[in-house]
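Visitor: I have not looked at this structure before, and I would like to go through it with you step by step. Could you show it to me first?

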Amino acid sequence: VQLQASGGGLVQAGGSLRLSCAASGTGFTANVMGWYRQAPGKQRELVAAVTSGGSTTYADSVKGRATISRGSTKNTVYLQMNSLKPEDTGVYYCNALFGIKGSWGQGTQVTVSS
């Protein structure tokens, strides 16, 4: 399974970004797809995740500012982030869980300038 993430970039505080991720190389539907991020010097943390049934979970730090959604194409996921803050800066990784096996994308850099 390969995951391709895109949509990162440099944005000013208060701005918005939409991250996209598509998984390929499998005929199965991911049970869960999510976004994690890793800031410099910090551990990777969950930002948001969505199940195949549409249930979502968010980190407290992004609640009210982020929306995760599954695309109409199988195994695609989007993360819309609004009101971005400098502390949202980091490398954002897409993750897809197929059964008990998880796969990671290559990461996309998000930099929020103050």
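Predicted model: local features only at pLDDT ≥ 70, side-chain atom pairs only at ≥ 80, totals over all residues.

Visitor: How many bridges join strand 3 to strand 8?

Guide: Strand 3 covers residues 17-24 and strand 8 covers residues 76-81, and the two run antiparallel. Within this pairing R18 stands opposite Q80, while L19 has L79 as its bridge partner. The number of bridges that join strand 3 to strand 8 is six.

Visitor: Which residue of strand 3 stands opposite L3?

Guide: Strand 1 and strand 3 run antiparallel and are joined by five bridges. In strand 3, the residue opposite L3 is A23.

Visitor: Which residue forms a disulfide with C21?

Guide: A search of the whole structure finds one disulfide, and its sulfur atoms lie 2.0 Å apart. With -85° about the S-S bond, the link is left-handed. One cysteine lies in strand 3 and the other in strand 9, residues 90-98, so the pair ties together parts that are 73 residues apart in sequence. The partner of C21 is C94.

Visitor: Is C94 buried or exposed?

Guide: Leaving aside residues up to four places away in sequence, C94 touches L3, A5, C21, M33, G34, W35, V77, S103, W104 and G105. A residue counts as buried when its relative accessible area is under 20%, and C21, the disulfide partner of C94, meets this with 3%. For C94 the relative accessible area is 0%, and therefore C94 is buried.

Visitor: How many residues does the largest nonpolar core have?

Guide: In soluble globular proteins, nonpolar side chains tend to be buried together. Here the residues with the most contacts inside the largest nonpolar core are W35, V77, L79, Y92 and C94. At least two residues of this core come from each of several strands, among them strand 4 (32-38), strand 5 (45-51) and strand 11 (108-113). The number of residues in the largest nonpolar core is 27.

Visitor: Which residue's side chain is joined to that of D88 by a polar contact?

Guide: D88 lies in the loop between strand 8 and strand 9, and at 0% relative accessibility D88 counts as buried. Not counting residues up to four places away in sequence, D88 touches several residues, including V62, R65, M81, S83, V110 and V112. The polar contact from the side chain of D88 spans 2.9 Å, and the residue at its other end is R37.

Visitor: Is G64 buried or exposed?

Guide: G64 is found in the loop between strand 6, residues 56-58, and strand 7. The C-alpha atom of G64 is separated by 8.7 Å from that of N82, which is 18 residues apart from G64 along the chain. A residue counts as exposed when its relative accessible area is over 50%. The relative accessible area of G64 is 85%, and therefore G64 is exposed.

Notes. Residues numbered from 1 in each chain as written. Heavy atoms only, no water. Pairing = 2+ DSSP bridges. Helix = DSSP H or I, 4+ residues; strand = E, 2+ residues; numbered from the N terminus. Disulfide = S-S within 2.5 Å. Buried < 20%, exposed > 50% of the residue type's maximum accessible area, 1.4 Å probe, protein only. Core = buried A, V, L, I, M, F, W, Y, C linked by side-chain atoms within 4.5 Å. Contact = heavy atoms within 4.5 Å. Polar contact = N/O pair within 3.5 Å; in protein donor to acceptor, adjacent residues only side chain to side chain.
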